[in-house]
Structures are given as structure tokens and as C-alpha cells.
Amino acid sequence: MLHERRSRPPLSPPGNEKDIPVTADVEADSWAATLTPRLAQFVAVARHEHVTRAAQQIGVPQSTLSRSMARLEADLGVALFARHGRTVSLTAAGRTFLATVDRALSEVDRAAESVRADADPAAGKVAFGFLHTLGTETVPELIRAFRADHPRVRFQLVQNYGESMLQRLRDGELDLCLTSPVPDAPDLVSRRLDEQKLRLVVPDDHPLASRKRIRLAEAASELFVTLEPGYGLRRITDAVCAEAGFTPKIAFEGEEAETLRGLVAAGLGVALLPPPAVPRPGVAELTVTAPRAFREIGVAWLDGHPDTPPVAAFKRFLLSRRGQLLPR
């Protein structure tokens with residue numbers, strides 16, 4: 001469907017500025033699209049108050065700069081300069097316009113410097129997302145090891161559940177993320193890096209607590225505490241329980257694995273969880289012998305999205321850790 005272009009009506013030139021030609025029909029999607037190419041030229045002329053000197057500074061012919069300023073005034077329908085032979089001075093409208101244009105161009109300068117700094121090979125930025133369960137030990141160790149060779153690279157870290165991070169990848173807010181399950185989507189590229197066994201966690205006074213190993217079907221009658229729907233570990237829990245022949249009865253749904261481990265210690269239920277970074281009192285952790293209970297950890301990024309040098313370096317580093325991502 002074609003969209004009709006907006007037309008801005010010309011402004012009537014005030015008072016003694018009737019000699020300024022007024023464009024009958026300035027067509028543009030916005031004033032910015034029409035005026036931006038001439039704004040830096042306008043600032044140069046305003047600073048020098050002399051078209052020839054301004055033209056020499058910015059490296060354009062004097063006649064080209066004169067025509068550009070005339071067209072700028074015509075598009076606006078306002079006289080920005082009063083002419084005095086070879087020199088010019090700003091009108092009241094010109095001074096008002098200059099103050100705003102200065103601020104706008106300064107913002108453009110800052111934006112350009114910011115994106116250039118983020119792409120700097122030695123000191124750029126990596127926007128990196130990861131699961132809550134990887135934040136205690138795995139991610140800090142990864143960043144420490146990477147920064148041994150790239151000490152000035154900066155990280156913008158986002159800790160969240162998998163689906164939220166994948167959406168942030170798609171929105172351009174993240175460069176890379178560690179997630180589980182490893183996503184399989186046409187707009188994403190993902191690589192499996194490691195796998196982690198899951199354990200059945202029970203209170204330390206539970207009848208099963210004296211066991212070292214268990215078939216998951218033996219816990220079919222237990223109440224489970226799990227992560228909320230939408231979390232990768234919740235999908236894995238539901239799938240493994242289904243493979244064991246039952247649907248878990250849910251006592252509580254949370255957002256963080258260590259919270260669930262604490263609730264297990266309080267006797268609220270049992271849980272299928274990855275190993276903790278440090279042992280937690282009040283629980284026993286049983287190896288699940290059947291079905292195979294594990295989760296795959298992988299790195300994902302947006303397909304076709306160009307990498308800055310620091311992002312490319314960190315991606316190579318992560319891929320080099322395949323099979324060695326998690327502590328053994």
C-alpha cells in the first residue's frame with residue numbers, strides 16, 4: 001500500500017524579509033529529512049558570518065554554499081541571514097534556529113562517538129544475556145577468562161529467562177545469549193556448547209533422602225516446585241516427567257532455581273534442578289538414572305546480524321569453550 005507523502009505549507013516570510021523566496025510545496029516525510037544535509041553548512045556560515053570563509057572551511061565551492069543557504073531559507077520560509085555585501089549576520093530567527101541546530105548536531109556527534117566506541121576492537125561493548133542459573137559461577141568465570149586477553153572490552157549483562165533473551169536478540173538489544181534449551185528458529189543461529197545433568201532435589205528429612213540414585217518414576221506421587229511456564233528448565237522438567245510416565249503435580253511455580261532449592265529445604269516439594277554452585281544445607285540431591293535428565297546449554301545470535309569486533313571476539317571465545325563451558 002502506497003503512503004501519501006506529507007506536504008508542509010510554506011511559512012509566510014515576516015516583515016522586511018519578503019525578498020526571501022518561499023518554496024510553494026516542501027514535500028518530505030519530515031523536516032529532518034529535508035534539512036539535515038544543510039544543517040552543518042548553516043552552522044559554518046553562522047559561525048564565520050562570511051560565506052566564502054565558511055565554504056573554505058567545509059571544502060565546498062562558495063557558490064554551492066550560497067545556493068544551499070538560499071534553499072534552506074526557502075524551505076523554511078524564513079530569512080536566517082541578513083546580507084551585508086560579502087558578510088552575513090544572523091536574524092532573530094537565525095539565532096533561534098542556530099541554538100537548536102547546535103544541540104541537534106551535538107547529539108549526532110555523541111551518538112556517532114558512542115557507536116564507534118562500542119565497536120572498538122580493544123575497548124568496545126558486548127551485550128550479553130544469560131540464564132539466572134548460569135550467573136553465579138559460569139558467566140563470571142567466562143568473562144574473567146575472556147578479559148585476560150581483552151581487558152578493556154565492556155559488557156552489558158542481562159540476566160533473564162530464555163524466551164525473554166531470545167526476544168531481546170530479535171529486538172537488537174543483545175548481541176549474544178547463553179540459553180537452554182538450545183533454540184531452533186529460522187531467524188537465529190545457535191550452537192550447542194555443553195550439557196548439564198539435572199538432579200532430583202528432596203528435603204534432607206524426606207524418605208528418599210538416603211538414596212544416591214533414583215528412577216524419576218519413583219517420584220510420580222510427589223509435589224514438585226518448578227519454574228514458571230515459559231522458562232526453559234520448566235519445559236525440560238515437564239518433558240522428562242512425561243518421558244517417565246507422569247505429569248508432575250505442581251505445588252509452586254517460581255522464577256529462580258535457588259529459590260526453588262530453598263523451598264525444597266522448607267519441605268514444600270521436590271524439584272528437578274541443575275547442580276548448585278555451592279552445596280545447600282537442608283536438601284539431598286539424587287542422580288536421576290532414568291529417563292536421562294539433562295539440559296543443553298548453547299549460545300544464540302540473530303542470523304545475518306553483523307558483529308562488531310568485540311562481539312566477534314567473544315563469540316569465538318564462547319565457541320572455543322565447547323564441552324568445557326560448565327564446571328565438572
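## Strand pairing around β9

Two strands pair if DSSP finds at least two bridges between them; helices (H or I, at least four residues) and strands (E, at least two) are DSSP runs, numbered from the N terminus. The model described here is predicted, so that local features need pLDDT of at least 70 and side-chain atom pairs count only at pLDDT 80 or more, while totals for chains, interfaces and linings use all residues. Residues are numbered from 1 along each chain as its sequence is written, and side-chain values use heavy atoms, with hydrogens and water left out.

Strand β9 (residues 199-203) is joined to strand β14 (residues 283-290) by five bridges, and the two run antiparallel. Within this pairing, L200 stands opposite L286 in β14. With β13, β9 also pairs in the antiparallel sense, over three bridges, and here V201 stands opposite A271. Four of the five residues of β9 are buried, where buried means under 20% relative accessible area, exposed over 50%, and partly exposed in between (1.4 Å probe, protein chains only).

An open sheet of five strands has the order β6-β5-β7-β15-β8, with mixed pairing. Strands β6 (154-159) and β8 (188-197) stand at the edges with a single partner strand each, so one side of each is left without a neighbour in the sheet. On average, neighbouring strands of this sheet are turned by 20 degrees against each other, direction ignored. Axes are lines fitted to C-alpha atoms, for helices over the stretch in contact, and angles run from 0 to 180 degrees between N-to-C directions.

Six bridges connect β5 (residues 125-130) with β6 in the parallel sense, and K125 stands opposite R154 in β6. Helix α5 (residues 138-147) packs on the sheet, touching β5, β6 and β7 (176-179), and its direction makes about 170 degrees with that of β6. Helix α9 (residues 309-320) also packs on the sheet, and its direction makes about 40 degrees with that of β5.

## Nonpolar cores

A nonpolar core is a set of buried Ala, Val, Leu, Ile, Met, Phe, Trp, Tyr and Cys residues joined through side-chain atoms within 4.5 Å. The largest has 36 residues, and those with the most contacts inside it are F128, L176, L178, F314 and L318. The elements that each supply at least two residues of this core include β5, α5, β7 and α9. A second, separate core of 30 residues includes A209, V270, A271 and A284.

## Salt bridges

A salt bridge is a side-chain nitrogen of Lys or Arg within 4 Å of a carboxyl oxygen of Asp or Glu. By this rule the count comes to 21 salt bridges. The side chains of E285 and R261 meet in one of them (2.8 Å, N to O). This pair links distant parts of the chain, with E285 in strand β14 and R261 in helix α8 (residues 257-265), 24 residues apart. R261 counts as buried because its relative accessibility is 1%, whereas E285, at 22%, counts as partly exposed.

K315, which lies in helix α9, meets D307 in a salt bridge (2.6 Å, N to O). At 11% relative accessibility K315 counts as buried, while D307 is partly exposed at 33%. Salt bridges that share partners join R192, E195, R292 and E296 into one network.

Terms used:
Contact = heavy atoms within 4.5 Å.
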